[in-house]
Amino acid sequence: MAIGYFEVECREEMGRLAYIDIASDVLKDLDLIKIIDKLHIYIDLDFPFFLAVGKTTKLPSPVHINDFSSVIEDEGKIVINIANETYLARMLTILWKKYSREEIVQPDRFTVTISSSIASVPEIENIEVYDPSEAMYKDLIYAMQWIAPEGFRVRREWVDKGYFWYIASENTLPEDVMEKYVRKYFDKIGGL
């Protein structure tokens, strides 16, 4: 595995080794190895519960309209000249929602215009159309659901600014217990 730090902690060695294999396979299958920098999994056989804490690598920045098009003002209109169609559908959806469908005109496949009376060039340029980290975080939590033991239906998760934790159990987990373990295992990967 190419993760900077990867550890599975369990008092049964066979279980620990099995979870190393399971986690490795799931993360490889979902192509998440490249985005995880550190991962520590703890399995408590007594309570029982499963805990994973981790840190991601630096994720790609959100995509704004000026990242894939040029935006100019011309004769009372804001003209968006699209160089890459990848985000066109998302951009149109956002523009329709923000300014209404009637205000957005698409004279051809690579051009979109908006009246300059309702928007400005900097405003349009800085509209975020896609945040790649959102999809990656969803995939990450999905992976943890696959890695955690089947039947652990009580689940909690948290993702923010490059860090995440996922906890699952058969039993209700008191908040103070979760906090204690999450903090303890984040300390093992270098803290938050």
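A hairpin of 2 residues links strand S7 to strand S8, where strands are DSSP runs of E with at least two residues, numbered from the N terminus. S7 covers residues 104-108 and S8 covers residues 111-115, and the two run antiparallel, joined by 3 bridges; strands count as paired if DSSP finds at least two bridges between them. Within this pair, Ile 104 stands opposite Ile 114 in S8.

The model is predicted, so that local features need pLDDT of at least 70 and side-chain atom pairs count only at pLDDT 80 or more, while totals for chains, interfaces and linings use all residues. Residues are numbered from 1 along each chain as its sequence is written, and side-chain values use heavy atoms, with hydrogens and water left out.

**The open sheet**
- The order S1-S2-S3-S11-S10 describes an open sheet of 5 strands with mixed pairing.
- Strand S1 (5-9) and strand S10 (154-160) are the edge strands, each pairing on one side only.
- From one strand to the next, the twist averages 5°.
- Strand S2 (residues 36-44) pairs with strand S3 (residues 49-56) over 8 bridges in the antiparallel sense, and Ile 36 has Thr 56 in S3 as its bridge partner.

**Helices across the sheet**
- Helix H1 (residues 13-29) lies across S1, S2 and S3 and runs at about 140° to S1; helices are DSSP runs of H or I with at least four residues, and contact means heavy atoms within 4.5 Å.
- Helix H6 (residues 175-188) lies across S1, S2, S3, S10 and strand S11 (163-169), at about 45° to S3; angles run from 0 to 180 degrees between N-to-C directions, with axes fitted to C-alpha atoms, for helices over the stretch in contact.
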